[in-house]
Amino acid sequence: MSTKLIDIAVTVNGKSVERRVPPRMLLSDFLRHELHLTGTHVGCEHGVCGTCNVEVDGKTARSCLMFAVQAEGATVNTVESLGTIAKLHPLQQAFWEKHGLQCGFCTPGMLMTAKELLAANPNPTREEVAEAISGNLCRCTGYQTIIDAVMSAAEAMRNTEVTPS
Amino acid sequence: MKPAPFDYVRPDTLDEALRLLAEQGDDAKLIAGGQSLVPMMNFRMAQPALLIDINGLKSLDYHRRDGDVLAIGALARHATLSASALVRSLCPLVSEAYRHVAHGTVRNRGTLCGNLCHADPASEMPAVMLVLGATLVLRSAKGERRVAASDFFLGLYATAVASDEMLIEVRIPVSVTSCGHGFEEVSARQGDYAMTLVASSLDVRGGRIHAAALAYAGVSDRALRMAALESRLVGQMPSQALFEEVAAAAADSIDVSEDQHADRAYRRDLIRTLTPRALAQAAARVAA
């Protein structure tokens, strides 16, 4: 079977990237293995767990359900785009302070989902947060501290001006 | 959990996509949202030799009123449709069912037309299309044909779409004021595929049921519309007793499936319980 490689150009976390990839390479594997951005995690590879969530052209997407070739010309942001150790995103700060993670495996996907929620709804109720994260599975926390973290981040973001990085 | 190798092409025009389908349809699959297709490819349950990516055909991302139907294009995303005030006003059953469809991230890319072509037996929208009497427009390089929803869902993951065809548009009749809709679903988590779901529409005039539509999903190899039960409702006054009688008949007549999520007895129990609720909702929602 022909396995013609395809040249792609993608903007990832603000940087232009060009690579030659086989069509079957998942976006999740492209980010992790080609670009060494291992913040995006791989859990189920069929779209139900949410650990692979990234942002494609401004909306969260399951990177395990996209092929890298489909990201040609797209703007992709991963969890690495949120902040740095020296300058955490308010969501990262809040997840730390409110024990929104234990093993941390679901956390990148949770952060990308929470970021999308707060951009659309800066003042959510706990129920709205629960609904928003319902597509992200967590085995450790029982979700309540994740909701605490998102609510805390929402308040912090409402009270300060967030400078885009 | 990695897909088999395939070739990939992203046509710039609809004509080019249809030409590729005509040439290689038997070995090719269209990809739009990919939220159902790619899991199947990752499991290697689907191994197309060629993937035709239609995400560049932006003009297919629309939903609009067209006379007395709501017309929805091939690339209309679940997220757009579920948030749409136009959809809610023209076809409220669609908006209600969307509360049970997947999760936000999946809805960002997934498309209604892709969902209907995938025809998962426990998916919400096939049942909704059956109840609302939707028409599905199939286009190929040879031309266009229209298929009624009642002729579209043929079996497990099987539809009337031929290998050289694309589902280009869904046309849903606009709801009339004498109609009310009902929808009930039980699933392990909200957004999961249904263990059982009931969708219904009742047209009530002068206190009697003038027309009825009743469909199920999650209970068989495809969404089912229950014409025999609908004729039991027509001409009757809506009542709890009538709805429970229809529910019992549904539970007895459907050859319900069994799997690790729910056994036959539980599915029959869900049919008996959810049917009266959905019918009562529909009757109550008829505009006063």
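What follows is a run of questions about terms and the values behind them.

Modeller: This is a predicted model, in which local features need pLDDT of at least 70, side-chain atom pairs count only at pLDDT 80 or more, and totals for chains, interfaces and linings use all residues. Residues are numbered from 1 along each chain as its sequence is written, and chains are lettered from A and ligands numbered from 1 in the order in which they are written.

Colleague: Why does Leu30(B) count as buried?

Modeller: A residue is buried if 20 or more other C-beta atoms lie within 10 Å of its own, exposed if 12 or fewer, and partly exposed in between, with C-beta atoms placed from the backbone. Leu30(B) has 24 C-beta neighbours inside 10 Å, so it counts as buried.

Colleague: Where is Leu30(B) found, and with what is it in contact?

Modeller: Leu30(B) is found in strand 2 (residues 28-31) of chain B. Helices (H or I, at least four residues) and strands (E, at least two) are DSSP runs, numbered from the N terminus. Two residues are in contact if their C-beta atoms, placed from the backbone, lie within 7 Å. With neighbours within four places in sequence left aside, the contacts of Leu30(B) are Ile52(B), Ile54(B) and Met166(B). Met166(B) is 136 residues apart from Leu30(B) along the chain, and their C-alpha atoms are separated by 7.9 Å.

Colleague: What makes Ala212(B) buried?

Modeller: There are 26 other C-beta atoms within 10 Å of Ala212(B), and therefore the residue is buried. Its place is in strand 13 (residues 208-217) of chain B. Not counting residues up to four places away in sequence, Ala212(B) touches Leu202(B), Glu230(B), Leu233(B) and Val234(B).

Colleague: How many residues of strand 11 of chain B are buried?

Modeller: In strand 11 (residues 179-186) of chain B, 8 of its 8 residues are buried, so the strand is mostly covered. Cys179(B), His181(B), Phe183(B) and Glu185(B) are buried on one side, and Gly180(B), Gly182(B), Glu184(B) and Val186(B) are buried on the other. In a regular strand the side chains alternate between the two faces of the sheet.

Colleague: In what sense do strand 11 and strand 12 of chain B pair?

Modeller: Two strands pair if DSSP finds at least two bridges between them. Strand 11 and strand 12 (residues 196-205) of chain B have 8 bridges in the antiparallel sense, so they pair. Glu185(B) stands opposite Leu197(B) in strand 12 of chain B.

Colleague: What is the strand order of the open sheet in chain A?

Modeller: The order of its 5 strands is 2-1-5-3-4, with mixed pairing. Strand 2 (15-21) and strand 4 of chain A are the edge strands, because each pairs on one side only. Strand 3 and strand 4 of chain A pair in the antiparallel sense over 4 bridges, and Glu55(A) stands opposite Thr60(A) in strand 4 of chain A.

Colleague: Which residues of helix 2 of chain A are buried?

Modeller: In helix 2 (residues 90-97) of chain A they are Pro90(A), Leu91(A), Gln92(A), Ala94(A) and Phe95(A). Their cover includes helix 3 (107-120) and helix 5 (144-159) of chain A.

Colleague: Which domains does chain A have?

Modeller: Domain bounds come from an automatic or database domain assignment. For chain A the assignment gives domain 1 (6-81) and domain 2 (90-159). Their C-alpha centres lie 22 Å apart, and 13 residues of domain 1 of chain A are in contact with 11 residues of domain 2 of chain A.

Colleague: How many residues does each chain give to the contact between chain A and chain B?

Modeller: The contact takes 26 residues from chain B and 26 residues from chain A. On the side of chain B that touches chain A, helix 6 of chain B gives the largest share, 5 residues.

Colleague: What makes a nonpolar core, and how many residues has the largest one here?

Modeller: A nonpolar core is a set of buried Ala, Val, Leu, Ile, Met, Phe, Trp, Tyr and Cys residues joined through C-beta atoms within 7 Å. The largest has 134 residues. Among those with the most contacts inside it are Ala68(A), Leu116(B) and Ala127(B). Leaving aside neighbours within four places in sequence, the contacts of Ala127(B) include Leu197(B) and Ala199(B).
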